[in-house]
Amino acid sequence: MDAIVKELRERLERAMQLSQGDRQPQRFRLSMLHECPRYQFFVVAEQLQEPVGLETSGHFLKGVLFEHWLRQAVFPDALYQYEVELEGIKGHVDFYFPPDVVVEVKATTSNSIPFLPDYSHRWQVQAYLTALKASGVTDDPKGFLLYLIVDNPALSLNHIYHIPLTPQAEWILQQNARLLSECWQRGEPPPIPERFSPHQPPCAGVAYGSYYTCPFLKRCWGETTIPAAAMVGVSSELVASAGQALAAQKEFLARWRDKLTLAERIGERLRQVMRENPDMEELVVEGGGWRVVARRDRQPTEMWQEGAKERMKQDLGEDFLRPYLRYERRIRVYWQQVGEERAP
Ligand code: SF4
């Protein structure tokens, strides 16, 4: 049985990887034209290929399957993977209805709905529209993004977005295309764009909850020390307002500490009386419009006996428990006011 499962798994994995086709050499692409031109230049000059894991292959497969279906059943009258070009940089429109309608299809899941239409996808469609306009085939190209929500396809009907070509986007894309083509011919990377900084996107920053750096950061900016605030992605203003809120909370708690402690003590006293009277289901005390209710759960909750971990170590031995335990140096976070010398 194990051998059959292994065989099935291997076939599935192989097919998933093959669905991506052969990895093409890196070239300038209209879909990347909005990104840092210098980054694009280095990627192509050095043929930088990102490793593709099985998870990415799986996502790619979803797109391939749905695009196949769209081609057969929904848009048989469109030109599929229609090639457009701007300053020699090529792109392939998913579905082109000549002379002026471009439909780009993306497969996604319902978790991503709040972020639609995606920033990069909008630029990609605008790059195709710019190329189409530059080719002279139309003066007024119309772009659309169609999101296939693969875990609930009916939702796709609500996620078709019109992407107009703005004059600013057209200008930026044309400039980037021209710059890349000229630099490529000269064999020199484009200069670092104005207003870029080594500590801010796209050179470095926080994205999807973790800190990233452009793979060419050192080449563009030399050795840089990343400021802690940039690495954490928290501005000094945010720290200041959180600190103020914390100070206000401390003050509030100090004012109410005695009374809160009293409430805890009353609660604990009610629990204690109920523990001493196992048949008691509920206990209520009242005063001044307040009612304190202690009530036993209907179902017992599984709890560890006090000192269970230590007793298990003694009875079973630490080696037995080791696979279930982990050891780490805990990271504690303290707030201090600047000028406060007390060590944490
Ligand atoms: S470090 Fe910044 S300027 Fe250099 S290639 Fe990367 S994004 Fe562009």
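Q: Where does the ligand sit relative to domain 1 (2–191) and domain 2 (198–233)?
A: Both of those domains give residues to the shell around the ligand, so it lies between them. The domain bounds come from an automatic or database domain assignment.

Q: Before we go on, what kind of model is this?
A: This is a predicted model: local features need pLDDT of at least 70, side-chain atom pairs count only at pLDDT 80 or more, and totals for chains, interfaces and linings use all residues. Residues are numbered from 1 along each chain as its sequence is written.

Q: OK, which residues are around the ligand?
A: Cys36, Arg38, Tyr39, Phe42, Ile192, Phe196, Pro202, Cys203, Cys214, Phe216, Leu217 and Cys220. A residue is near a molecule if its C-beta atom, placed from the backbone, lies within 6 Å of it.

Q: Which elements give two or more residues to that shell?
A: Helix H2 (37–46) and helix H6 (217–221) do. The largest share, 3 residues, comes from H2. Helices here are DSSP runs (H or I, at least four residues) and strands are too (E, at least two), numbered from the N terminus.

Q: And how does the shell split by class?
A: It has 11 nonpolar, no polar and 1 charged residues. Ala, Val, Leu, Ile, Met, Phe, Trp, Tyr, Cys and Pro count as nonpolar, Asp, Glu, Lys and Arg as charged, and the others, Gly among them, as polar.

Q: Switching topic: what order do the 5 strands of the open sheet come in?
A: The order is S1-S2-S3-S4-S5, with mixed pairing. Two strands pair if DSSP finds at least two bridges between them.

Q: Which ones are at the edges?
A: Strand S1 (79–86) and strand S5 (160–163), each pairing on one side only.

Q: How do S2 and S3 run, parallel or antiparallel?
A: Strand S2 (residues 89–97) and strand S3 (residues 101–108) run antiparallel, joined by 3 bridges. Tyr96 stands opposite Val102 in S3.

Q: What does helix H3 touch on the sheet?
A: Helix H3 (residues 54–74) touches S1, S2, S3 and strand S4 (142–149), and its direction makes about 140° with that of S3. Contact means C-beta atoms, placed from the backbone, within 7 Å. Axes are lines fitted to C-alpha atoms, for helices over the stretch in contact, with angles from 0 to 180 degrees between N-to-C directions.

Q: Zooming out, how far apart are domain 1 and domain 3?
A: Their C-alpha centres lie 54 Å apart. Domain 3 covers 236–298 + 306–324.

Terms used:
Two residues are in contact if their C-beta atoms, placed from the backbone, lie within 7 Å.
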